[in-house]
Every structure is written in structure tokens, then in C-alpha cells.
Amino acid sequence: MTIKQAYKELKRQVNCWRKGKSFAYRLDPLIVAVAALEKQIPQKVVFKSNFTALRYCPSCGVRFIGWGMKYCGECGQRLDWSEILNDTD
């Protein structure tokens, strides 16, 4: 199920609820909606410094090349760079 399909299904369920109609709950759209919203909550970038500064996505673990990227290019997780940027100032 895509995010767009999940949105339409959730909207349909809300409309049924407002009209007082009973409907069968489906978990698929709720699961997709929760996953999409979770990606929008900024997560702190994982920073490891041995000989080189390595930065990783907290969700999927992909290594970053671009400093200060707002979203992971692999999984779409929104990123929080505040701790790393504050340490370098």
C-alpha cells in the first residue's frame, strides 16, 4: 500500500466515523501513515570519529557524504544535525 492509498483509506474511515457508519478497520493504511510520520520526526545523526569523520543515518545506517543533509537519501528519514553542528562551533 502506498502513502497516497493509505491517506485515501484513512480519509474514508474518518468520513464514515463522522457519519456514524460502522466500518471494518484495516491496519495497512494506519501502518503506512505511522511509518510516514515517523520519517518526519528528526532523528539525531550518528557521528563516529576515528581517523575520519563518519556520519550515519540513525534509521537505515547508510553513511552520509553530504554534510548537513536534511533527509537521508536512502530511506527518507528527516535528520537532526544540532549536536554535531554545535560541537564544531
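In what order do the elements of the protein run from the N terminus on? They go α-α-β-β-β-β-α, which gives three helices and four strands. When I say helix or strand, I mean DSSP runs, numbered from the N terminus: helices are H or I with at least four residues, and strands are E with at least two.

Hi everyone, a quick word on how to read this. This is a predicted model, with residues numbered from 1 along each chain as its sequence is written, and its side-chain values use heavy atoms, leaving out hydrogens and water. Local features need pLDDT of at least 70 and side-chain atom pairs count only at pLDDT 80 or more, while totals for chains, interfaces and linings use all residues.

Let's start with the whole protein. Of its 89 residues, 20% count as buried. Buried means under 20% relative accessible area, exposed means over 50%, and partly exposed is in between, with a 1.4 Å probe and protein chains only. The accessible surface comes to about 6,800 Å², and carbon and sulfur atoms hold 56% of that. Those areas come from the Shrake-Rupley method with a 1.4 Å probe, and for residues only the protein chains shown count as cover. A contact here means heavy atoms within 4.5 Å. Among contacts with a separation of 6 or more, 33% join residues 24 or more positions apart.

Now, the inside. Which residues make up the largest nonpolar core? There are seven: Val45, Cys57, Phe64, Cys72, Leu79, Trp81 and Ile84. Such a core is a set of buried Ala, Val, Leu, Ile, Met, Phe, Trp, Tyr and Cys residues joined through side-chain atoms within 4.5 Å. Take valine 45: beyond its neighbours within four places in sequence, its contacts include Phe64, Leu79, Trp81 and Ile84.

Valine 45 also touches Asp80, so let's go there. Aspartate 80 sits in strand S4, residues 79-80, and it is partly exposed because its relative accessibility is 21%. Aspartate 80 and valine 45 are 35 residues apart in sequence, yet their C-alpha atoms are 6.0 Å apart in space. Leaving out residues up to four places away in sequence, aspartate 80 touches Pro42, Gln43, Lys44 and Val45.

Next, the loop between strand S3 (53-56) and S4, where we find glutamine 77. Is glutamine 77 buried or exposed? It is buried, because its relative accessible area is 3%. Its side chain reaches the backbone oxygen of lysine 39 at 3.4 Å.

With 28% relative accessibility, glycine 76 counts as partly exposed. Beyond residues up to four places away, glycine 76 touches Lys39 and Tyr71.

Last topic: cysteines. The cut-off used here is a pair of cysteine sulfur atoms within 2.5 Å. Cysteine 72 is buried at 4% relative accessibility, and its closest cysteine sulfur, in cysteine 60, is 3.7 Å away, so it is too far for a bond. Cysteine 75 is partly exposed at 25%, and its closest cysteine sulfur, in cysteine 57, is 3.8 Å away, so that is too far for a bond as well.

Terms used:
Polar contact = N/O pair within 3.5 Å; in protein donor to acceptor, adjacent residues only side chain to side chain.
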